[in-house]
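Morning, everyone. Please look at the screen while I talk. I'll keep it short.

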Amino acid sequence: MLLKDRAAFASPWDAEAAREIAVRHKDMEGPLLPILHAFVERFGHINNEAIVLVADVLNLTRADVQGVVSFYHDFRREPAGRHVIKVCRAEACQSMGSEALAARLERALGIAFGETTPDRQITLEEVFCLGNCALSPAVLIDGELHGRASESKILELVGVRS
Amino acid sequence: MTMRIFVPCDAAALSMGANAVAAAVANEIAARKLDAVLVRNGSRGLLWLEPLLEVETGHGRIGYGPVKPSDVKSIFDDGLAGKTHALNLGPVDEIPYLKNQQRLTFKRCGITDPLSLADYEAHDGLKGLRRALQMTPADIVKEVTDSGLRGRGGAGFPTGIKWKTVLGCEADQKYIVCNADEGDSGTFSDRMIMEGDPFALIEGMAIAGVAVGATKGYVYIRSEYPHAFAQMNRAIEIARKGGLLGTNVLGSNHVFDMEARLGAGAYICGEETSLLESLEGKRGQIRFKPPLPAIEGLFGKPTVVNNLVSLASVPFILAEGAAVYKDFGMGRSRGTMPIQLAGNIKQGGLIERAFGLTLRELIYDYGGGTYSGRPVRAVQVGGPLGAYWPESLFDVPLDYEAFAAKGGMVGHGGIVVFDDTVDLAKQARFAFHFCAIESCGKCTPCRIGSTRGAETIDKIIDGENVVQNIDLVRDLCETMRDGSLCALGGLTPMPVMSAMEHFPEDFDRVRERAAAE
């Protein structure tokens, strides 16, 4: 799994391909999370058709699948922007000013956490710990980790002029 | 002889530009036609020096750091390991931060090529498993029990006792599950092992499998660790090809194979029963105990669920014997603890030492004080559910019982340092807020209490009926502590109560406002 987390690389929904992914994982022990991860990686998000399809292949109810999808933060129901910025807002990063950084990013991008810019370029998300706690503040941009992050560095990486 | 040059592949090093440094090193080697090879090692854990470039010489490995890609040419011009370069740190093993450690679990991390089984073996790898394969299951379990190893995830439950329970169960299938859902802020030791010495975990899990009669293992890795997940998958593949995993573990009649599985962004899945639910493909909601996972765990089968550091400590214990490991430590906290120094700290990183070290030694002698240069005001030890402590408690020795006696916990060994700009009322509010976001929703004290707690702290911060509201928070904390099903709801009161107890001035908002007026 690449975990690129970028809508730019996501393919449009393809029921055949989705079924093929689900069937390929079907005989694993506990196949549901690996299938959902594979969907997010391939299609960028999990739509209603995907939920129906997985329920069918794994012989689960739609409610079961919907319940799992909604429980985990990773299984996004809407496509993300071209770039995804995940800002760590846990304690170690707080001690190094991540709350001020978070507020500056919201202002600079004109969106709140959990939102995507209207031009679909950038999605801003919060995350609680990236395991880079000695080099805070930490951010994950399109799956790449950055330490000692600043507003200007982050905006430069996603191509926004500050 | 081919010279080896090391640039870490550890995610923390990558976060400071290690890949660009590695590319520059490869370019210089090629351009100068040197008989040298670039090795992507794990991190030594001196994280303020990352990217740390090391050059192997006749007199040890010479370090340079922190290196920028633009520094690489001058390091080569300096003759590699010449003593004149401004970034030259001398022999890395002589750096006091590293020299004054007792690395048992992390003995190879940062030293070897993490994906070379030959390098692993050359540095004492597989000795533990080889010895275990000559022993009876009961003797392996006894060795782990005798070592005094306790769960490094936070709960501190004796590892050998868990194994003994699983060994004693009759079942057609048993499992070894490694909890690598390292969600505590301030911790990164699991990640460092997965990226820097993944075979240590694989060997530890194989030993556990042989000991209890489990043939299948899972390592559940949080999705916030994409590099660790990728590295673990590579290592498992190599271990299979190398005969360490599979139908004949190291040529024996033992069967053991394992898979890495990815979490999906839920802190609660670090709780063992929630993790098992998640592995089964369900919502990560916690289970009632009993039954214990050791008796009815993954898919209802007897399951060893251990923290990654616990499992990665097992190869040393089996290789060197329980007595050697037990010789380290104090009281009932035996062996070493990989401590992670994080947050507002000048020299953050990983320090593996026997239990018994004090916070003061860690923060000042190793850490060098705050990154900001301001005075230390508080530390939070043991992750988001750990206590906030003031400087007056910095002489408590790092020991499960000593910390508990002062209302704190060692947890997974993370220490987050805050300078004097911290507002403990806001930190207490965050503890409730975090619990509200991450609660699995199964029990009411955690699900509702977390939200009501955050609201009540908001009132305190606004100076509204402060005395009554502080009483209300105390009462709520007691309910959560006594009435929650698992540690998330049960321990959220720890950061809240400790903040109120040790930093009451931060909650006295009316007086603050009056003083301002």
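I'll go through the domains, then the contact between the chains, then one glycine. Keep in mind that this is a predicted model.

Start with chain A. It is divided into domain 1, residues 7-71, and domain 2, residues 83-157. The C-alpha centres of these two domains of chain A are 28 Å apart.

Now chain B. Here we have four entries: domain 1 (3-99), domain 2 (117-326), domain 3 (329-419) and domain 4 (424-516). Take domain 1 and domain 4 of chain B. Their C-alpha centres lie 47 Å apart.

Next, the place where the chains touch. How many residues does each chain bring to the contact? Chain B gives 49 residues, and chain A gives 35.

Last stop: Gly369(B). Find the loop between helix 15 (359-366) and strand 14 (376-381) of chain B; Gly369(B) sits there. Why do we call Gly369(B) partly exposed? Because it has 17 other C-beta atoms within 10 Å, and partly exposed falls between 12 or fewer for exposed and 20 or more for buried.

Which residues does Gly369(B) contact, leaving aside neighbours within four places in sequence? They are Lys346(B), Tyr364(B) and Val376(B). Compare Asn179(B). It is 190 residues from Gly369(B) in sequence, and their C-alpha atoms are 32 Å apart in space.

Technical notes:
Residues numbered from 1 in each chain as written. Chains lettered and ligands numbered in written order. Predicted model: local features only at pLDDT ≥ 70, side-chain atom pairs only at ≥ 80, totals over all residues. Domains from an automatic or database assignment. Contact = placed C-beta atoms within 7 Å. Helix = DSSP H or I, 4+ residues; strand = E, 2+ residues; numbered from the N terminus.
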